[in-house]
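Here is a short report on a model with lettered chains.

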Amino acid sequence: MEPLIIEIKTRGLHRYQAFDKPELTLGRALDNDIILSDPTVEPYHVKILRHEDGTIELQNLAQVNPAQFNGRQDAEYSTTILPVHIRMGRISASILPRNQRVAATKLLAGNGSSNHLFGHPLSAVLLLGLCILVGGLEYYFTSYNMFKWEDLIKFVFRETVMSITAFVLVLSIFERLLVNRWEIKLITISVALIYLLYQLLSVLANELMYLFSSGLTTSIFNLGWYLIFIPAAVSFYLIRVTHLGQRKGFALAMLISSPFAVLAIMQNPTINSLFDNFSSAANYQKNLSPLNLHLSKTISIDTFIEQARDLKPGEFSD
Amino acid sequence: MKPGICLLITLLMLWFQPASALESKNIYELYEDSIFQIRVLNRETGKKSSIGSGFIVDDGFHIATNFHVISTIILEPELFYITYQTKNGREGELQLVAMDVAHDLALLVSDENLGKAIVTADLPPKGAPVFAMGNPLDLGLSLAVGTNGGILNQTDDSRILFSGSLNPGMSGGPTFNEDGKVIGINVATARNDISFIVPSRFLNELIASSANSSPESTNELVTEVAAQLIAYEQSYIKDVLAEDWPSVQLRQLSVPGTISPTVRCWDNSAKLKANALFKRYQIRCANQNHVYLDDANKFVGELIYEYYWLESEELNPVRFYNLYEKLNKDQIENHLSQEEVSNFNCDTWFVDVSGEEFKANLCRREYVEYEGLSDVLFTAALTGHSNQGFFITFIMTGTDFEASLPLVQKFLENIAWNP
């Protein structure tokens, strides 16, 4: 008899077993041909019979959680067409022909090369070190008192180490639940890259705000970062590194990113004004820059007063 | 000396003594029938919304009180009405005839003659005894003795300092001199024995301007309040602009100092930590002639300006500017809600001031009920210096936006950079 393949789907790697016998049983009892150690599966759940004419006959043996064959809950089900999908409790299985085509092989993150950024554990260590250095620089540039090591350590621990650790842990837990694997190295590298990029872009956004004399650049940066970049980066990670399917990876990325997106929306003055259209504070351009690059021309006091006459009062809220 | 002769001499001395000043008990007895409790009542509940005092003036039909005592009726004239109550409990309704919002005065009229009007007089010399009467805390008519502290120029001459104790409920009551004439109207208190009186000349002006006036139309009350405030602000700004502004040296800048007698300036520099790598100096100036508007908005007519100088030799430009940006914020109080004011609308300019570049912001919002009345916020921060920063915050509340701009202009023109 031509061997067929039984595929048992699991959260991690699926189980595959070839069989060429005319009869095969699946269930939780240890004298089955294929043992399914799931509490929702009966000791003897399904029997598969193969006939000479190529027909495959499936028999439901379960009283509790009866089996489904190709989505139908029949006591017996016969077919000659493969694949056949079987549901036993919460276990999904398929009978496949031996010549079933498999999906194309996906590249390892970093192409499997140890020279690649994603390919060597040292990259994670170096990037973490760089993040701590950037965190230290952030402390240096935002402290205005005499230097104290203990203040630096507290700041870097609180602002950099804790943030990165929290993100790595959350993403690791997601990955463990999704594909039953730990990818600490890849997650650490990805989070560290995002942290560095955020630091760089936030400085750039501030300079652009000064350049254009408009808070819109920061609003766009914040919204773009949390609504577009973070979901895109998580999708990229789930699809290209974790190798989830595109739809699943994208949906999951949206789910993971949504708390940040909601926070970004709630804290964005432009969006806020759409929901709560009153602010008793004067939201004017407070930012200053040592580069002092701006597109607005420097005007005389007279011209300023002349232009200021056109300033209308703000909108009344409903 | 024989006792009979002593008695004769004493009697003769008393007989030839010049006419003496009235004592507090005389004043109380003379005027207790001419001073009333003024009440604003809710038509629906019949209960008091606010109370104060008032006294008979002019022809016996009119009562003077403070604007803030009866201001509840301005926004809701259909719901509230004004009454008086005599010491004997007699009550009657009053109508608003005229008001002077800037000086916190209101003139009310009754359908019937209320009694003997009290006449006014000029202010006695500083230190002379004066007597304030009113109904403190709804406890009945009372008299507070104090002395005249003179007219306060920091209040735009609109207040007399009274070294007696005024309490809530006495607002609108008269303050007498020793001759039993009204020199002013009780208006406010700051703390123990520091109280304020509106000079009676403003009451006389109000009475004169209201001659032949009929009671104010309730529909136009809000418009009238806004118009009076705008007119007062325009006049006040005009006076401030007419002054010669003294300069104050703040490190490398010479800036306007006390630009009006109504303004007081204080050093507001916060104490720095011993390990701070920078120095900062702050001056805060504010006027004292605030105007009561209503329960929600409280006081308007504020003029506040602050200077903030920042310098450091230790901080590099990036660190310095991070600090500079962090400190660059306005001090406007934001207790008003959307029921009272609009949002601020702001715009940004880069302005050349004395050869130095400033990043300037001007913001403006309007009052919901009082058309034409605005809050103005102006800020300007020095740019282009790697380790020196300076910013101004300039705030005017309840003002005329157009009228405030020349003030901003003169302010900037009076800033000079001394290299």
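In β6(A), which residue is the bridge partner of Ile48(A)? The partner is Leu58(A).

This is a predicted model: local features need pLDDT of at least 70, side-chain atom pairs count only at pLDDT 80 or more, and totals for chains, interfaces and linings use all residues. Residues are numbered from 1 along each chain as its sequence is written, while chains are lettered from A and ligands numbered from 1 in the order in which they are written.

**Sheet in chain A**

Strands are DSSP runs of E with at least two residues, and helices are runs of H or I with at least four, numbered from the N terminus. Two strands pair if DSSP finds at least two bridges between them. In chain A, β5 (residues 46–50) and β6 (residues 56–60) pair in the antiparallel sense, over five bridges. Both belong to an open sheet of five strands, ordered β4-β3-β5-β6-β8 in chain A, with mixed pairing. At its edges stand β4 (34–35) and β8 (76–79) of chain A; each has a single partner strand, so one side of each lacks a neighbour in the sheet.

**Domains in chain A**

The bounds come from an automatic or database domain assignment.

| Domain of chain A | Residues |
|---|---|
| Domain 1 | 4–97 |
| Domain 2 | 109–275 |

The centres of domain 1 and domain 2 of chain A, taken over C-alpha atoms, are 45 Å apart.

**Chain B**

Chain B has eight helices and 24 strands. Its C-alpha trace spans about 90 × 70 × 35 Å along its principal axes.
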